[in-house]
Amino acid sequence: RGALMLTSRVQGALAQAVRRIPITQAVASRVNRFPSNVRFMSGDAKAGGIPAKLTLNLMAPHEAIFVNKEVDQVIVPGADGVFGVLPGHVPTISELKPGLVEVTVAPGEIEKYFVSSGFIFAHADSTCDVCALEAVKLDDLDSGLISSGKSQAEQELASAQDEIEKAKAQIAVEVYTAMTEALTAK
């Protein structure tokens, strides 16, 4: 019973967090179906097939990067590791850690974005919502600024006096490290 109460609290907190993200009405209608009335099968799935494309929504609070974009695949940095989502993926919710989101729009056409954190929702109807706190096209990252920012964050971590300062500096170090790794993997 205690686990059930915790699950309800987590679901409530997640629902509140998602409602604060400015997203289109089409995306909001899908997100708001969670958890009680998720549509488990689209028309294609009921007919015995899996759609050929994944419908992707990649959102940040300041920008809707993709809205109902048909893509082949998306690879994300989940909290438990990097994973890919294809059409017909099992319904999944995962926290995102800082890292690279790779969107395969078509064979050989891959768009890369750095995300700082967020959530991914893979729905049974072959739609996928990636809600990121920050999402930046990989080509727009400046390696010089990242290097200096990481050095500053490491200095702040070394000189932090209390737990809150340490936590903020540690998060900054982790994000800058992930940005560096994303640029290296470019």
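The model is predicted, so local features need pLDDT of at least 70 and side-chain atom pairs count only at pLDDT 80 or more, while totals for chains, interfaces and linings use all residues. Residues are numbered from 1 along each chain as its sequence is written, and side-chain values use heavy atoms, with hydrogens and water left out.

**Overall make-up**

The chain contains 5 helices and 10 strands; helices (H or I, at least four residues) and strands (E, at least two) are DSSP runs, numbered from the N terminus. Of its 186 residues, 35% count as buried. Buried means under 20% relative accessible area, exposed over 50%, and partly exposed in between (1.4 Å probe, protein chains only). The accessible surface of the chain is about 10500 Å², and carbon and sulfur atoms account for 55% of that surface; the areas come from the Shrake-Rupley method with a 1.4 Å probe, and for residues only the protein chains shown count as cover. Among contacts (heavy atoms within 4.5 Å) between residues at least 6 apart in sequence, 55% join residues at least 24 apart.

**Aromatic pair**

There are 2 aromatic pairs, counted where ring centres of Phe, Tyr and Trp (its six-membered ring) lie within 6.5 Å, with planes under 30 degrees apart called stacked, over 60 edge-to-face and the rest tilted. One of them joins phenylalanine 66 and tyrosine 113 edge-to-face, at 6.0 Å centre to centre and 80 degrees between the planes. Phenylalanine 66 belongs to strand β2 (residues 63–71) and tyrosine 113 to strand β7 (residues 109–115), so placed that the pair links distant parts of the chain, 47 residues apart. Both phenylalanine 66 and tyrosine 113 are buried.

**Salt bridges**

The structure has 3 salt bridges, each a side-chain nitrogen of Lys or Arg within 4 Å of a carboxyl oxygen of Asp or Glu.

| Lysine | Partner | Closest N to O |
|---|---|---|
| lysine 53 | aspartate 72 | 2.7 Å |
| lysine 137 | glutamate 111 | 3.4 Å |

Lysine 53 sits in the loop between α3 (43–46) and β1 (54–60) and aspartate 72 in the loop between β2 and β3 (73–78), so their pairing ties together parts 19 residues apart in sequence. Lysine 53 is partly exposed, at 28% relative accessible area.

Lysine 137 is in strand β10 (residues 135–137) and glutamate 111 in strand β7, so this pair ties together parts 26 residues apart in sequence. Lysine 137 is partly exposed, at 30%.

Lysine 166 and glutamate 163 are 3 residues apart in helix α5 (residues 163–184), and therefore separated by about one helical turn. Lysine 166 is partly exposed at 35% relative accessibility, whereas glutamate 163 is exposed at 59%.
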